[in-house]
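My notes follow as numbered points.

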Amino acid sequence: MAFIRKRRLERELYSKERFSLLLLNLEEYYFEQHTANHIINKGCRDERKFRGSLKICSKSIIFEADDNIQPIIKIPLRDCISIKAPEDNEANNPFTRDTSGGISVVCNQVFLIKERNIIAPYKTVRGRTEHLFQLDVAGKLGDVVQTLHQLYRASCLDKMGDQAAMITAILQSRLARTSFDKNRFQSISETLHMECKAEMVTPLVTNPGHVCVTDANLYFQPLNGYPKPVVQITLQNVRRIYKRRHGLMPLGLEVFCTENDLCSDIYLKFYNCQDRDELYFLIATYIENHITEHTAESYMLQWQRGHISNYQYLLHLNNLADRSCNDLSQYPVFPWIIADYSSSVLDLTKPETFRDLSKPIGALNKERLDRLLTRYQEMPEPKFMYGSHYSSPGYVLFYLVRVAPEYMLCLQNGKFDHADRMFNSLAETWKNCLDGATDFKELIPEFYENDSSFLVNSLKLDLGKRQGGKMVEDVELPPWASGPDDFLQKSQEALESQYVSEHLHEWIDIIFGYKQKGSDAVAAHNVFHPLTYEGGVDLNSILDPNEKVALLTQILEFGQTPKQLFTIPHPRRIIPKLKSLSRTSSHSVSITESPVSPNEESFEDLTEESITLAWNNIAKLKLDEQYKIHKEAITGIAVTCNGSSVFTTSQDSTLKMFSKESKTIQRSVSFSNMALSSCLILPGDTTVISSSWDNHIYFYSIAFGRQQDILMGHDDAVSKICWHDGHLYSASWDSTVKVWHCVPGETLSNKKHHFELLAELEHDVSVNTIDLNAANTILASGTKEGTISVWDVTTATMLHQLQCHSGTVFDAAFSPDSRHLLSTGEDCCFKVIDVQTGMLISSVTAEEPQRCFKWDGNTILSGSQSGELLIWDLLGGKVIERIKGHTGAVMSMWMNEQCNSVITGGEDKQIMFWKLQY
């Protein structure tokens with residue numbers, strides 16, 4: 001994955017150089033380097049001289065000999081006894097010219113690193129030794145010695161906070177004396193937009209320098225010129241940028257030139273929020289289709305509908321939760337999925353093969369959890385259940401030590417972990433996560449990718465000898481894996497299995513969701529140290545620099561909880577019962593019904609296939625016929641089962657019956673002088689019901705051509721009606737939705753309908769639209785003030801209410817599988833709600849209001865304010881086709897069961913007939 005790939009790229013680019021910033025201590029800076037000779041035992045018979053590079057760092061002196069057989073020498077400044085240049089009179093003595101440019105360093109401890117260019121634990125040489133470094137450019141001697149004296153004084157301060165403050169002052173002074181070298185611009189015609197100081201962040205390392213943004217490029221110039229003089233990012237290539245929390249502060253910015261990768265092109269940490277935000281604004285306004293507009297909710301919609309995999313969804317959530325492969329304290333976290341590491345065959349059809357995703361690692365073993373809870377209850381505030389985290393730099397490198405050994409050595413002061421505590425076996429590691437008193441770690445993305453090198457000791461590292469004498473080599477795999485690649489393949493299959501798809505939302509609730517904090521976290525046994533949570537500590541409020549440094553070091557090493565993305569339960573994934581994730585119609589098989597057997601070819605199968613074909617080709621919709629049949633805007637359309645007669649309502653107060661065969665108006669009825677708002681045809685094609693602004697609902701007999709009944713059910717205009725199984729649902733501007741049981745009258749004997757009010761769903765403001773789900777158990781209502789409410793009509797109770805739009809909700813409709821609700825409003829937005837949780841999971845903004853629509857859960861056909869028909873890719877959030885239609889707003893839309901025929905009614909008083917032409 002990203003971490004391993006970055007390591008390989010670094011090795012390819014800088015393979016000749018043994019030095020890396022990982023040789024520095026954590027929070028240490030590399031300032032400058034000088035070509036020099038290292039002279040050992042000067043003046044003695046066994047005097048030796050090695051040519052190489054002298055590196056001046058904030059806490060150490062490092063010398064890298066050109067001869068890679070020789071070790072890299074690291075001298076901690078705190079272990080120095082003296083640092084001095086030859087006396088002036090000696091330096092000016094012509095007989096001692098060979099020592100000019102020399103710096104004498106006397107110390108009592110030295111580290112020897114990468115001897116014979118072998119990555120291994122550092123060797124420590126204790127005892128008083130003297131090292132003479134002879135610079136090639138003698139004129140720099142005074143400046144180098146002065147710098148070393150300053151840094152030496154900082155290293156001798158007792159308190160870490162005081163040391164950090166002095167080193168920061170030296171660094172800022174150096175940055176202030178330098179600026180970005182404009183000669184590094186790719187073109188002389190580039191216009192400078194911004195320049196500031198920042199640090200480039202890579203795992204365990206930050207590198208200070210200058211950031212520069214022009215009209216074409218983003219540049220970073222390291223103060224030390226390492227690993228190269230300038231890092232350049234072409235703005236045209238940028239696909240994503242994210243603001244990051246780094247070191248508990250909102251100072252980070254990560255830039256990606258790829259769409260779906262955790263490996264960024266540059267991660268910058270700024271010294272103040274203003275610089276970070278200004279740079280973010282400059283880049284964000286430059287790039288088109290800025291992908292940071294994708295929210296966790298919009299990715300959720302793609303995941304629910306099967307457009308992205310479980311793996312891809314977890315990557316996106318990690319990214320949005322501030323997890324980055326450049327920050328090991330916030331490395332992407334993935335779940336343990338498999339719980340079986342002993343069987344010879346991995347059976348993904350058995351639930352016991354899998355870990356319980358509804359619980360954190362620490363709660364999987366009841367006996368251990370009981371002990372932890374007892375301690376938790378006895379603990380003073382602030383309480384926490386787990387003394388270690390599920391993700392930390394140590395855990396990341398525990399898994400990756402075989403491909404990133406230098407990172408482990410950097411983190412652990414030049415040592416590998418004890419051989420028995422290494423990542424030796426999958427089964428052992430899983431067992432320890434279940435039983436260990438302080439081991440609660442989850443996995444990392446590499447376990448679900450294609451590069452198995454982290455499981456193999458291909459570098460032939462000496463990682464130590466275990467009890468019993470066995471050397472640490474490759475990771476021991478479970479019996480069901482034939483090799484590392486097979487292990488990863490089966491892990492991927494497990495992650496994408498039906499069991500995990502059905503339960504992954506439970507783990508997301510724990511790591512990224514509502515069970516991360518508060519009482520829900522306590523109930524889920526998911527409470528970590530308060531300092532690990534975002535907002536758990538305000539570093540700016542801590543005035544003592546020593547306390548601040550200690551706190552920051554503790555948190556960065558301990559690990560951090562991801563940024564909370566969801567505050568209500570995460571919706572389940574939609575698991576298709578049929579053979580594929582194909583699109584379905586609200587008229588086809590309900591998701592609660594049993595699927596057909598694989599060998600049957602049913603009518604529903606054919607209907608589904610034809611609907612899928614239609615929506616896949618919806619952009620080929622062509623205008624067939626158009627007729628002006630009303631005097632005002634058309635508000636409703638209903639069509640008989642055989643498609644021969646089209647009924648329309650209008651603001652001109654008439655209900656009209658249009659014959660498709662004769663292309664003429666066959667009926668025209670006016671119930672009052674007020675506008676009609678909608679219409680529908682009852683089963684059997686015998687009765688048309690129309691709603692009116694005069695507060696009434698009218699029943700019209702098609703067979704007898706006359707008004708059959710009136711329901712005077714509201715105190716203001718009736719805006720929309722729905723019907724199912726003898727129940728009429730009416731929405732009104734009187735702020736109610738009413739549910740009626742209608743018993744049909746006997747027309748011949750002039751008996752009227754009998755109406756029984758079953759329920760009244762009260763709202764605060766006028767209701768403008770309603771829709772029923774496919775099972776007719778849930779109703780959605782949209783108001784004139786932008787509120788969407790979701791109701792259980794069987795109990796007349798409100799399930800959810802959201803302020804979705806600013807202004808009137810024009811239309812709302814459930815997806816065919818009833819999992820999602822789409823609405824459109826006066827604010828030009830489409831909004832998608834997850835029906836189960838009531839979570840707003842997507843928002844797409846149009847150029848103008850969309851008045852009405854049909855959708856299949858993925859694609860939208862909408863009628864716009866200007867009269868166009870627009871086809872939208874909802875998941876991509878963009879228009880994929882525009883079709884010229886009405887002059888004036890499209891007010892109503894009807895679509896047949898096969899989804900290949902559409903009728904629209906417009907403000908221009910016309911109805912238009914549309915057909916798909918494959």
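1. D277 and R276 form a salt bridge, with their closest N and O atoms 2.8 Å apart; the term means a side-chain nitrogen of Lys or Arg within 4 Å of a carboxyl oxygen of Asp or Glu. D277 is partly exposed at 31% relative accessible area, whereas R276 is buried at 6%. Buried means under 20%, exposed over 50% and partly exposed in between, with a 1.4 Å probe and protein chains only.

2. This is a predicted model: local features need pLDDT of at least 70, side-chain atom pairs count only at pLDDT 80 or more, and totals for chains, interfaces and linings use all residues. Residues are numbered from 1 along each chain as its sequence is written, and side-chain values use heavy atoms, leaving out hydrogens and water.

3. The structure holds 25 salt bridges. One of them pairs R355 with E442 at 2.9 Å, N to O. R355 is in the loop between α7 and α8 and E442 in the loop between α11 (426-435) and α12 (484-495), 87 residues apart. R355 is buried at 1% relative accessibility, and E442 is buried at 3%. Helices here are DSSP runs of H or I, at least four residues, and strands are runs of E, at least two, numbered from the N terminus.

4. D322 and R244 also form a salt bridge, at 3.6 Å, N to O. D322 lies in the loop between α7 (310-320) and α8 (366-378) and R244 in strand β12 (residues 240-246), so the pair ties together parts 78 residues apart in sequence. Both D322 and R244 are buried.
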